[in-house]
Each structure stands twice: as C-alpha cells, then as structure tokens.
Amino acid sequence: MKPPRLQAGDEIRVIAPSSSFSKLTDFGIQAATEKLNALGFTVTFSEHTAEQDTLGSSSIMSRVKDLHEAFSDDNVKGILTAIGGFNSNELLPYLDFELIKRHPKVFCGYSDITALCNAITTKTKLLTYVGPHFSSFQMEELQPYQTLAFLQATATEDAFEVSASKTWSQDEWYLAEPQRLLHANEWKIYSHSQPVSGTCYGGNLGTFQLLFGTRFLPELEHSILFIESAEEDDYHDFARGLAALLQVVKHPQALLIGRFPQETEMTEERLLTILAKYPLLREIPVIYDMNFGHTQPIFTIPIGDKATVDTKQQKITFF
C-alpha cells in the first residue's frame, strides 16, 4: 500500500522516536524548516520532541503517543523523524498498527529508524521510507541530490531511477559554516548479473538485526537487501551482521551496501574479504559504496516497494 503522495501545502509532522530533538541546534532546526517550507510544506512538531532522559531520549509512552498522534491527525500528510539514535525498537510492542494502517501517510527516517520502517511495513503492508531525517534537510551542498530522491519516492506516482551522485562527503556539514570536503563518487560492483527484481527491505544493518526472531521482521526471501553501517559500528560488526543476515535469508535477489563511514575502519580490502566468504554473493548482484547510510548525500529507499537492480547500468529502478 503506497501512502498518498506529498503535495505542496501539505503538513509534515516532525517526531523524535529515537534520540531527543534536543540534540539538534536552533540553527539546524531553522535551516531544515526553511528548506522544507521552500519545497511547499508546512512543518509542525510533536508534543514530546524535546523531552530528554539520562539516555538522551524520552519515555516509550511519550514517543508512542507522538507517533500515534502524527498518524491519526488527518491534517498531517507526512512524518519525518528528527534524528536517529539507538532505541526506536523499544516502541514496537506498543504501536497500534491498525491505527497506522487506517491513516496511511509518508513516514521517513534512517539509521535507527530502520526498525520502525521495516516493522510498520511488515505489520501494515504500508510502504515506509528509509531516507532523510528532518535534520538531514539542514544540509546545503549535496542537498539537491538528496531532496530530488526524497521527492521522487514520496511525491510522485511514477517509477523512478537512482544512480550515483557526482560527489560525496563525510564532514561536519551540520555546522553553521561547514568546510565541505567532496570526493568523486562511484558505485562499485562486486558481482554482476542480469537485471533482477525484488522487494526492498533493510537499512542500518545493526538496527535491522534487532528484528531477527521477532514478529516484526519482514519476509525476506527473494528480496533486495539494503544494508549500511553507522559510525559507532566497526568492520567486525558488519562481518558478524552480514553472517547473521545470510542465515536468516537464504535467497536474496541482490545485496546493496551503503558507503561506510571512516570510523568503521572498513577498507575495500576488508570488505572484499568479507564478501568473498559467501559463494552466494558471486551469484547475485552486489553493489557497494552506494548513496545511502551515514555519508552524504543519500537517496530514499521505499521499504516494501518493488525495485530492479541493474549492475551494468549501475542504477536502481523503484516502482
């Protein structure tokens, strides 16, 4: 079930189901709001966004209440998460999935929000979106790629393609006067094949693993799997997570890997060594250093949607 498309004039509600909104700066909030206003959207904020406990989040019930209110408010057409964190999976047993299903709307965020996106799609069949947070719209340089991909996924009915951005960065883009360091970009092919199609699932690998063995995990056989690592993970975490993932899903259609932040200490040599452990990964399309995850810019992944992976053209087509 594809949620109604976003249109100019629509209200977008910002919620904080993971880390508290208080982690954002006043400058960043203003800049992100202005970007979304310029796209024609009205931005509102949920009641408990700034609530914060000693773990940098808010209570489970406060976060659940804000999420339910955002879905049930018919004036709200889209929901953006403020920022990521570590604990959105705490909310899953308390969510009213029938309420969410009755009020379908765009729901988007990434990193820790992986748990919510995949669980909501599993329980409601509503497409969700692993893509920019509200705070992601603060970024200036590289924003056009990110914004276009977001709007293609959430504001049009047409199929759309994504391919590599011309440049990428991992720098302090969120500062008021950032010094950007841009690198030439290239998606890299580990394994070629004929174009394949499947259903999209995944996001941050460490967060996605939290769904293994729960009733919130999607049916993953013959799916297109998107996986990426956050700054606090290292290459050991990725290696273990990939092993676990390939024990849960035996026959993925394709494996797509987001670019690794430098803090993970993942090198191309290490990644190729990890991938080479699995004969399966020489039989299906595998692409790495892609534009999603914890470097900039990112495209938006419609969770639960159909897509085709074409390694020769180095593009993904979402339907």
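# A tour of the predicted model

Start by selecting Tyr235, Phe238, Ala239 and Leu242 in helix 7; they meet Arg270, Leu271, Ile274 and Leu275 in helix 8. Contact here means heavy atoms within 4.5 Å. Helices (H or I, at least four residues) and strands (E, at least two) are DSSP runs, numbered from the N terminus.

This is a predicted model: local features need pLDDT of at least 70, side-chain atom pairs count only at pLDDT 80 or more, and totals for chains, interfaces and linings use all residues. Residues are numbered from 1 along each chain as its sequence is written, and side-chain values use heavy atoms, with hydrogens and water left out.

**Stop 1: two helices**

Show helix 7 and helix 8 (residues 268-275) whole. They pack at an angle of about 20°, with their axes 11 Å apart. Axes are lines fitted to C-alpha atoms, for helices over the stretch in contact, and angles run from 0 to 180 degrees between N-to-C directions. Helix 7 and helix 8 are therefore roughly parallel to each other (angles under 35 degrees count as roughly parallel).

**Stop 2: the core**

Next, select Phe107, Phe134, Phe238, Leu242, Ile257, Phe299 and Ile316. Of the 94 residues in the largest nonpolar core, these touch the most other members. Helix 7 (residues 235-248) gives the most to this core, with 6 residues. A nonpolar core is a set of buried Ala, Val, Leu, Ile, Met, Phe, Trp, Tyr and Cys residues joined through side-chain atoms within 4.5 Å. Buried means under 20% relative accessible area (1.4 Å probe, protein chains only).

Zoom in on Phe238. Its contacts include Leu205, Ile227, Met266 and Ile274, not counting residues up to four places away in sequence.

**Stop 3**

Six of them form an open sheet in the order 2-1-3-4-5-14, with mixed pairing. Strand 2 (42-45) and strand 14 (301-303) are the edges: each pairs on one side only. Two strands pair if DSSP finds at least two bridges between them.

Pick strand 1 (residues 11-15) and strand 3 (residues 76-81). They pair in the parallel sense over 5 bridges. Ile15 has Thr81 in strand 3 as its bridge partner.

**Stop 3: a loop residue**

Finish at Gln138, in the loop between strand 5 and helix 5 (143-154). Is Gln138 buried or exposed? Gln138 is buried, with a relative accessible area of 9%. Among the residues Gln138 touches are Phe27, Lys35, Trp173 and Tyr174.

Notes. Buried < 20%, exposed > 50% of the residue type's maximum accessible area, 1.4 Å probe, protein only. Parallel < 35°, antiparallel > 145°, perpendicular 65-115°, else oblique.
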